[in-house]
Amino acid sequence: MTKLTRFGWVLILGSGLCLAQNEQASPADAKPEQQGAPVEAQAEAQDAAAAQPLVPSDEAAVAGTMELGYRWLGDVGGNFNAYRSVVDLGSGVRVLNLDTRLDDPSGKLWDRFTLRGGGWGGDPYNTAHLGVERHRVYRLHVDYRNLVYLNYLPSFANPTIDRGVFVNQRSMDVQRRFSDVQLDLMPGRMLTPYVAFTRDSGFGRGITGFVSDGNEYPVANDLRDQTNHYRGGVRLDGRGWNLTLEQGGTTFKDDQRVFNSAPNQGNRTQPLLGQQLFLRDLLQAYGVRGDSIYSRGLLAASPAAWIDLNAQFLFSQPSSDTNYFEAKTGQFVLLNQLLFYDRGTGTLSSSAKQPHSSAGFNVELRPHARIRIRESWFTDRMRNATRAQLVEQLALTGFTSALTDRLAVNFSQQQTELLVDVTKRLTMWGGHRYLWGDSQVRAPLVQRPNAFESAELRRHSGLAGARFRPWQKWMLNADAEIARGDRTYFRTGLLNYQKLNLRTRYDVTSSLSVSAVAAVMDNENPTPGVQYSFSSHDAGVSVSYLPKGGEKLSLLVDYNRTGIYSDIGFIAPFNGQVERSLYRDNAHTGSVLADVRPWKAGPWVTAGGSYFVSSGSRPTRYYQPIGRVALPLGKYAHWVGEWRWYGSAQPFYLFEGFRAHQFTTGLRLTR
Amino acid sequence: MAWPPSATPGTKLPPQGRHRAATRSPAPGGTAAVFLGLIFAASAVLLAQTANSEPANSSSQKQGSSGPVYAGSETCTACHEDISQSFAKSPHARIAGRKGWEERACEACHGPAAAHAESGAAEDVKNPLKLAVKDTDAICMDCHRNEQTAVGRLRAGHYRNEVACTACHTIHQTHEDLVARAPARQNKQCASCHSQVWAQFQRPHAHRLREGAMKCTDCHNPHGGFLSPSLRTVSANEPNCFQCHGDKRGPFTFEHAAMRMQSCAGCHEPHGSANPRMLTRHEVRFQCMECHSNIGTASGTIGGLPPAFHDTRNPRYRNCTICHVKVHGSHVNRALLR
């Protein structure tokens with residue numbers, strides 16, 4: 001039994017015990033009646049009063065929901081690896097959902113205790129969240145997630161795999177675990193210190209590529225990395241201001257290994273210059289160690305009724321040191337020297353340091369009851385300076401190289417907006433945004449060594465928008481932006497663009513509401529050598545029907561239509577001709593969820609699901625219908641049965657389609 | 001003028017004294033220099049203040065002989081018993097522990113309600129759900145304006161588009177129900193407005209929000225942040241993507257500039273895509289060749305000249321990341337091969 005499974009069962013048993021002890025919950029102690037007490041006495045006792053439990057003493061000590069069940073996964077039709085890459089839900093006993101609140105009858109330990117979680121018992125996504133708080137004394141948050149990330153899609157690694165035999169070279173089956181603990185002391189008081197710790201780790205196996213001149217080989221990959229974040233700080237609450245000062249650090253390690261121990265022909269099936277290239281043994285061992293310090297200062301203040309301001313300064317300086325070792329045997333070639341060799345080793349030691357500063361300042365002025373002026377400024381500066389030394393031994397020939405690299409990016413943004421309440425129901429705003437920056441990066445290898453290339457960013461944007469609420473039931477929001485620039489970092493970056501967003505909501509009746517969104521965006525870069533054209537549109541409508549607050553019936557319907565068009569040229573490397581990279585995506589997405597509960601304490605039925613159908617560069621159909629029935633079994637329990645179906649197909653990659661049924665039966669305990 | 005005011009229900013107080021925005025004088029106009037000077041002066045003054053923990057809402061309320069009259073919470077409970085019971089479990093009920101509001105917690109947000117208690121008319125009392133957004137927010141901000149979560153507020157899309165606090169927060173509910181916290185509930189709540197974003201999560205390759213393993217606020221701070229669109233940060237100023245994808249964080253000996261300058265969204269569609277690995281293009285080579293175009297740097301952009309002499313008609317070269325495996329950055333190889 002793995003640690004995870006054990007933890008899952010402990011969670012189940014603990015929750016079950018909590019739910020079972022309701023009957024024994026004793027009423028809370030009666031609180032001293034404060035009505036009629038002198039104000040001064042109440043003022044002195046306010047801390048004590050605030051610390052009392054908020055939940056009336058006659059309520060259950062434990063409340064919440066827990067859902068336990070068993071899921072059957074029917075035979076998966078089609079590509080099982082694609083099913084695992086996209087859905088990955090399997091068979092077995094599961095804690096499907098847990099959401100409980102535990103009250104402390106004495107009111108001394110906590111006034112809020114919540115435990116949430118789900119997916120325990122073998123699902124690929126296990127989560128748990130614990131929140132405990134005693135007002136003005138402490139607040140504790142614990143968050144844990146364990147996510148399986150499997151990706152085995154041949155169409156990603158080898159788009160033409162159906163026309164040739166190439167082993168999948170980019171796949172992984174890893175777990176990522178994330179834990180976060182934060183403890184705040186004296187929350188709600190003037191001075192609140194806090195400490196926190198976060199760990200993010202990943203481990204698992206995969207297939208990756210090993211490249212040597214003239215051939216590339218699929219090889220095994222053992223992934224293992226871990227990042228720890230430590231931070232502590234203090235929040236100061238004053239009259240009209242709040243200041244947060246935080247100091248933190250990280251440690252990082254990556255011990256990835258890549259290996260091969262059997263003859264591996266690679267992707268080259270034909271000899272090169274009469275020699276058949278192959279790989280026999282390989283070991284690549286990465287030893288990366290990193291650390292960082294970071295500091296954060298945040299200020300929010302409203303020194304007067306007509307002004308709000310906030311400011312922040314953020315600094316981090318991550319660094320890393322690498323020790324890398326590689327050994328290989330087989331038959332290889334060094335093309336630039338036409339040197340064939342059968343074994344080689346390489347060692348590299350390198351280091352990188354990346355100071356990164358950010359600062360921002362925002363202010364809102366309200367010189368008149370109907371006028372607001374917002375000004376914001378932000379800057380972000382990053383440098384990455386590195387050095388490396390590589391020692392290679394290829395058969396009898398040795399090489400030593402000293403390498404450096406550099407990346408420098410400066411970015412700034414300034415924005416001014418004026419908002420005017422034209423009438424009680426209409427607010428309009430307009431403004432201007434200016435972005436500028438410069439960067440310097442290592443030039444491509446074809447240029448001379450240690451050369452750099454630079455780029456700049458310059459863009460002005462006009463901003464406008466309105467919020468119109470003609471009456472209580474109808475709201476309309478419009479937001480537009482038009483930008484013109486003359487420099488951008490990348491060919492596909494934003495330059496001359498315009499975008500418009502519309503959003504409206506209309507409450508037809510107290511139980512029926514309709515909302516709609518629409519967004520369009522165009523981006524053009526007419527610069528010779530770029531000539532990029534991009535446009536997208538997005539429109540959707542949602543209907544929500546909840547008669548009597550959804551007590552007996554609720555119906556949620558969404559439909560969304562999106563389109564993307566992108567067109568940019570590049571020079572095909574093999575013939576020097578200009579080719580176009582065209583991307584099209586025309587998609588329809590819909591979802592329906594109907595919940596019917598004819599009697600208040602009777603059974604209820606849920607039916608619906610979602611679909612996604614697209615055409616264009618990668619046509620896709622993906623369906624997820626769902627049906628669910630719940631039957632009451634006494635006051636606190638329901639039997640729940642659920643059916644789901646997943647169906648996916650991509651006409652260009654039919655070999656990756658899959659279909660799967662899932663049936664779940666279980667108990668839902670509610671208190 | 002003494003503070004706190006008399007706690008006796010029925011005492012007359014100045015109109016909405018706790019809502020300072022409505023009672024203080026407006027700012028004078030002036031040039032940018034004067035404006036900046038004022039800001040810094042004000043900042044210096046406020047930093048120098050020896051603050052006490054008295055609630056912000058009490059700072060300007062003064063006792064007077066005329067104005068609206070408070071009814072007291074007991075009077076409210078007489079008619080709104082269900083709300084009152086729910087409110088008793090809410091963190092907002094703590095306002096009754098603050099000076100001056102012991103017996104009229106309801107009126108801290110709804111304003112003096114004696115007239116409403118007498119007439120029963122809805123228009124005689126404030127209902128924050130029906131006020132103009134800025135007026136609703138002014139009520140909330142009176143206590144919550146200067147909190148850590150509000151630091152990015154002025155840059156937030158929600159603030160800019162006038163989404164009221166009450167659009168997400170249910171004020172009378174318990175801590176757990178005050179705002180949706182469980183992933184499934186929260187995602188549903190966000191989707192009720194951002195339906196087009198939720199539609200993207202229905203695509204086959206997406207972060208695990210549908211399964212309840214993640215929630216919108218894992219990546220976004222709805223109150224605003226300095227990264228657009230209200231992205232959370234990790235290690236002070238790095239995008240929150242590295243919270244879970246720590247192995248992509250670096251710093252790398254050999255960086256891929258696009259990763260630092262365009263962020264992850266330069267190549268990935270984090271809300272969902274029909275393309276594997278949430279890429280924004282259907283094949284990796286297009287993703288790469290659009291920047292590494294061989295056209296050169298005359299256009300002023302970077303990355304246009306790689307040593308791209310491969311014959312991309314050959315299946316071996318259809319996917320750049322088969323060889324350039326460390327596309328996010330390499331600790332070892334300048335061409336991102338190891």
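Close-up 1. A:Asn496 is buried, with a relative accessible area of 16%, where buried means under 20% relative accessible area, exposed means over 50% and partly exposed means in between, using a 1.4 Å probe and the protein chains only. This is a predicted model, in which local features need pLDDT of at least 70 and side-chain atom pairs count only at pLDDT 80 or more, while totals for chains, interfaces and linings use all residues. Residues are numbered from 1 along each chain as its sequence is written, chains are lettered from A and ligands numbered from 1 in the order in which they are written, and side-chain values use heavy atoms, with hydrogens and water left out. A:Asn496 belongs to strand S22 of chain A, residues 496–507; strands (E, at least two residues), like helices (H or I, at least four), are DSSP runs numbered from the N terminus. A polar atom of the A:Asn496 side chain lies 3.0 Å from the backbone nitrogen of A:Gly485. Leaving aside residues up to four places away in sequence, A:Asn496 touches A:Ala483, A:Arg484, A:Gly485, A:Asp522, A:Asn523, A:Glu524 and A:Pro526, a contact being heavy atoms within 4.5 Å.

**Close-up 2. A:Tyr623 in strand S28.** A:Tyr623 is found in strand S28 of chain A, which covers residues 620–632, and A:Tyr623 is partly exposed, with a relative accessible area of 31%. When residues up to four places away in sequence are not counted, A:Tyr623 touches A:Ser610, A:Tyr611, A:Val613, A:Trp645, A:Tyr646 and A:Gly647. One of these, A:Val613, is 10 residues from A:Tyr623 in sequence and 8.4 Å from A:Tyr623 in space, C-alpha to C-alpha.

**Close-up 3. A:Leu631 and a nonpolar patch.** A:Leu631 also lies in strand S28 of chain A and is partly exposed, with a relative accessible area of 37%. Together with A:Val596, A:Val605, A:Val629, A:Leu633, A:Trp639 and A:Leu667, A:Leu631 forms a nonpolar patch on the surface, with about 520 Å² of accessible area together.

**Close-up 4. Cysteines of chain B.** The count comes to zero disulfides over all chains, a disulfide being a pair of cysteine sulfur atoms within 2.5 Å. B:Cys190 is in no disulfide, and the nearest cysteine sulfur, that of B:Cys216, is 3.7 Å away. B:Cys190 is partly exposed, with a relative accessible area of 24%. B:Cys264 is likewise in no disulfide, the nearest cysteine sulfur being that of B:Cys241, 3.7 Å away, and B:Cys264 is partly exposed, with a relative accessible area of 25%.

How values were computed
Patches are made of residues with over 30% relative accessible area and no salt bridge: like charges are joined within 9 Å, nonpolar side chains (Val, Leu, Ile, Met, Phe, Trp, Tyr) within 5 Å. Accessible areas come from the Shrake-Rupley method with a 1.4 Å probe; for residues, only the protein chains shown count as cover. A salt bridge is a side-chain nitrogen of Lys or Arg within 4 Å of a carboxyl oxygen of Asp or Glu. A polar contact is a pair of N or O atoms within 3.5 Å; within protein, one must be able to donate a hydrogen and the other to accept it, and residues adjacent in sequence count only if both atoms are side-chain atoms.
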